Amino acid sequence: MFDFFAFPTTNSWEEDIFQLTTPGIITVAVLMAALIAAAILLRPRTKRTAKTATKQLVFSGAALALAMVTSEFIPTISLPFGGSVTLFSMLFVVLIGYWYGAKAGLLTGFAYGLLQFVIDPKFYSPIQLLVDYPLAFGALGLSGFFSEKKHGLLKGYIAGVLGRYVFAFLSGAVFFAHYAPAQTPLGIITYSLGYNASYIMPEAAATVAILAIPAVKNAFVRIKTLATSCDISN
């Protein structure tokens, strides 16, 4: 049954990996659509109407598209073993949780992680796939827990990025330990902490600095009002 979704192959380092088949890619695409639909359907009934559902779909789709464009199609600093400093791509995923709450943020983040995976559908094991994609990018949706808090976007962004960093660290320490120069538990932990911080934290620091600017913060507050208002013509 597994062969229906993926087949064994090797990567450029001659490592044994798996790659999705066409049915596997279709299955992942269906799952992404289901997650986005669930993010809308799980919104509280008091805030869910046909207009708000349509607006949530439009704004979430736009945010995911911007995240993908800034992550994959605008030149960035890429690291040799995965990971890159992107043009604020994490912020666009974080915004969905900030707009629509934790459930929507987490589910849409999971969907974005699967979208990232489909761009290059190769993996070492199902657990590695889960940690590196749905869980790591889904963690950006932790921003939803701060959506109604003071300075909610800034706090939510930091929480989401730290969540992604935790999963990236776990993946590096568990699945990619053989890349660590020092093959000791402490060396592996230090290597994974440093490697993943080298591409996540510069982008995070730049984003936090921008979000701290009052004019930028006020602009995002206005965008949230537009994204969550009931009248789609606003």
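## An exposed loop residue

Glu-14 is exposed, because its relative accessible area is 62% and exposed means over 50%. The model is a predicted one. Glu-14 sits in the loop that links strand 1 (6-10) and strand 2 (16-20). Its phi is near 60°. That is a positive value, in a residue other than glycine.

## Another positive phi

His-151 also has a positive phi, near 55°, and is not a glycine. The loop that holds His-151 runs between helix 6 and helix 7. Is His-151 buried, exposed or partly exposed? With a relative accessible area of 38%, His-151 is partly exposed. The reason is that 38% falls between the cut-offs of 20% and 50%.

## How helix 5 meets helix 6

Two packed helices are described by the angle between their axes and the distance between those axes. Take helix 5 (residues 102-119) and helix 6 (residues 126-138). Their packing angle is about 135°, and their axes are 6 Å apart. Helix 5 and helix 6 are therefore oblique to each other. The crossing of helix 5 past helix 6 is right-handed.

Which residues make the contact? Helix 5 supplies Gly-105, Leu-106, Gly-109, Phe-110, Tyr-112, Gly-113, Leu-114, Gln-116 and Phe-117. Helix 6 supplies Leu-129, Tyr-133, Pro-134, Leu-135, Phe-137 and Gly-138. Sorted by class, the contact holds ten nonpolar residues, five polar residues and no charged ones.

## What is hidden in helix 6

Several residues of helix 6 are buried. They are Gln-128, Leu-129, Val-131, Tyr-133, Pro-134, Ala-136, Phe-137 and Gly-138. What covers them? The cover includes helix 4 (89-100) and helix 5. It also includes strand 5 (122-123) and helix 7 (152-175).

Ser-192 belongs to helix 8 (residues 185-211). Why does Ser-192 count as buried? Its relative accessibility is 2%, and buried means under 20%.

The side chain of Ser-192 reaches a backbone oxygen, that of Phe-169, at 2.7 Å. Now set aside the neighbours within four places in sequence. Ser-192 is then in contact with Ala-168, Phe-169, Gly-172 and Ala-173.

Methods. Residues are numbered from 1 along each chain as its sequence is written. This is a predicted model: local features need pLDDT of at least 70, side-chain atom pairs count only at pLDDT 80 or more; totals for chains, interfaces and linings use all residues. Side-chain values use heavy atoms; hydrogens and water are left out. Axes are lines fitted to C-alpha atoms, for helices over the stretch in contact, and angles run from 0 to 180 degrees between N-to-C directions. Helices (H or I, at least four residues) and strands (E, at least two) are DSSP runs, numbered from the N terminus. Angles under 35 degrees count as roughly parallel, over 145 as roughly antiparallel, 65 to 115 as roughly perpendicular and the rest as oblique. A crossing is left-handed if the near helix is turned anticlockwise from the far one by less than a right angle, and right-handed if clockwise. Contact means heavy atoms within 4.5 Å. Ala, Val, Leu, Ile, Met, Phe, Trp, Tyr, Cys and Pro count as nonpolar, Asp, Glu, Lys and Arg as charged, and the others, Gly among them, as polar. Buried means under 20% relative accessible area, exposed over 50%, partly exposed in between (1.4 Å probe, protein chains only). A polar contact is a pair of N or O atoms within 3.5 Å; within protein, one must be able to donate a hydrogen and the other to accept it, and residues adjacent in sequence count only if both atoms are side-chain atoms.
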